[in-house]
Structures are given as C-alpha cells and as structure tokens.
Amino acid sequence: MSPIRRLLAPLAALTALTLLPAAPAVADPGPPPNAMASLGDSITRGFNACGWYVDCTSRSFSTGDNSAVNSHYLRIRAVNPAIGGNNHNDARSGAKSADMYGQAGTAVSQGVGYVTMLIGANDACTSSESSMTPVSTFRANIDAALNRLRTGLPDAKVLVLSIPDVHRLWSVGKDSASARTAWSLFGICQSLLANPTSTAQADVDRRNRVRQRVVDYNTQLAQACAAYGPNCDFDDNAVFGYPFTLNQLSGWDYFHPNATGQQVLANVSYAAGFGW
C-alpha cells in the first residue's frame, strides 16, 4: 500500500464512524420487579371499564389481571412469575396531583420495585376553566410525590405517563349526541366540554387554553422525572400523542377508557417504559 493510501485509510474509517447515528443513552432497567404499584386517578382504577360507574381494577392498564387488557403487571409476570399477586392499585377515582404524595406513601409502605403514575386529567378537567390547578402547584405536587418515592424506594423504577389529550376527547365526541348528553348530564370536564357544538371564538379559545394546560402539565411531568434521575422514565408524550377513538371510551360517560381503551393504554404506555 502506498504511503498516501496508508494515510487515507484510517481517515476514511474515522469519517464513516462519525456519520453513524448516535445511539440514544438508555438507562439499564435492571431485572423485572417482584412487586409493583400504580398511582393515579379513575383511569388507572379502570373506572367504567366493566360496569356502570364502578371501579374495575382488574381491567386497569397498569396493575390489572384481565388477560384481554394485558396490563403492565401481566407482561411483567410473563417474564418474572415472582411478581404474581404483588400488584397494588393505589390510585383513587377523582384524584388530582395533590393526592399523589399520599399514594406515593402507600406504595412506599408496600415496598414495591416498580411504580406507574398517570395523573393530571382531573387537574385540567374541572367544573370551569378558572378552577384548573395552576401549573406551578401541579409541579410542586408532583415533586413532592416523586421525592417521597425516591426517598422511600431508592431502587424502584418509576414510569411517569403523560396525560391524554383531552382536547381530542372533545374532537371525537362532539358530533355524538350520546356523548354530548353524557357530558352534560354528569357534568364531565366542563372546563373543556361545556358548549361542545359551539364554534364561537370564546369557546374555541377556552378549549385551546385547556389543551395548553395539559401540555404544560406534561412538560412539568417530563422535567420532574428528569430531575428524579435514571430510575424515572417519562413516556415522551406517548399517551398524550395517541389518537384514541370514540369506540375506545366508555359508552356510559364517553370520558373513561373502556376495556379496549385500557388495552390500548397498556400497549402504548408499556412500550414507552422500561422494556422488561
């Protein structure tokens, strides 16, 4: 080989390496956990997924044991049977971010190795726009809960999920008379869903502001999880970005996921997590 070619060969190899896409840094999830807990609200409780206005924890996307939903718990149990029976649903219907500190304390007392948290829909879906939780208050509530988990369960993995896009709820349901009736009759998410057929600018702007509040909450969830450290994983807005449809919602309230919706939520959220 000529001296010039000997000089150019390593340079070419170096150039080729620099053109390769950088692999994203992924924290080692470690072994699958032997126990898990879910924090959140009625979505995590499986509300209206199996009966009229009741919690259906067996169909929870996170800790349920219904085979059709195929929850996080069942997926983990398939690779680690030791988790069997150690699936704690600590969520409560109606919960807001302020309730996460108490739920985190329950998870700590259970000594779990994995925690899911999906919260914020009730902070935005209130009786009126003015009663939504301020963003700074939301962040303080999330920080308090995560700090309690980090202190009490320093080795546990925590998956923080983004809040679903509630504006899409309006978009897919506004043309359904059944959905509009349920929203009005039960006073569901009136900050967003009041006057659902109105095209007045004031109503359009209100809906957009509620959606922006959810976006702001999700930004805070991502930042709080990043501050937590490598044991916390945010779903990178996978749940928020999923284009759910009307037939994935309960036919009783057109707000909560039905069994099919819980299955989809399990698929989307688990794929965005630790990947056991």
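A crossing of two helices is called left-handed if the near helix is turned anticlockwise from the far one by less than a right angle, and right-handed if it is turned clockwise. By that convention the crossing of α5 and α9 is right-handed. The structure is a predicted model, in which local features need pLDDT of at least 70 and side-chain atom pairs count only at pLDDT 80 or more, while totals for chains, interfaces and linings use all residues. Residues are numbered from 1 along each chain as its sequence is written, and side-chain values use heavy atoms, with hydrogens and water left out.

The chain has 11 helices and five strands; helices (H or I, at least four residues) and strands (E, at least two) are DSSP runs, numbered from the N terminus. Along its principal axes, the C-alpha trace spans about 85 × 50 × 35 Å. Of the 276 residues, 48% count as buried, where buried means under 20% relative accessible area, exposed means over 50%, and partly exposed lies in between (1.4 Å probe, protein chains only).

Helix α5 covers residues 135-152 and helix α9 covers residues 201-228; their axes come within 10 Å and cross at roughly 30°. That angle makes α5 roughly parallel to α9. Here axes are lines fitted to C-alpha atoms, for helices over the stretch in contact, and angles run from 0 to 180 degrees between N-to-C directions. Angles under 35 degrees count as roughly parallel, over 145 as roughly antiparallel, 65 to 115 as roughly perpendicular, and the rest as oblique.

Side chains of opposite charge can pair when their charged atoms come close. The structure holds six salt bridges, each defined as a side-chain nitrogen of Lys or Arg within 4 Å of a carboxyl oxygen of Asp or Glu. One of them joins R139 and D143, with the closest N and O atoms 3.0 Å apart. R139 and D143 are separated by about one helical turn, because they lie four residues apart in helix α5. R139 counts as buried at 19% relative accessibility, whereas D143, at 25%, counts as partly exposed.

Another salt bridge pairs D165 with R211 at 3.2 Å, N to O. This pair links distant parts of the chain, with D165 in the loop between β4 (157-160) and α6 (166-173) and R211 in helix α9, 46 residues apart. D165 is buried, at 10% relative accessibility, and R211 is partly exposed, with a relative accessible area of 30%. A further salt bridge is formed by the side chains of K174 and D175 (3.3 Å, N to O). D175 counts as exposed at 64% relative accessibility, while K174 is partly exposed at 22%.

W252 is partly exposed, with a relative accessible area of 36%. From W252 to I119 the C-alpha to C-alpha separation is 22 Å, and the two residues are 133 residues apart in sequence.
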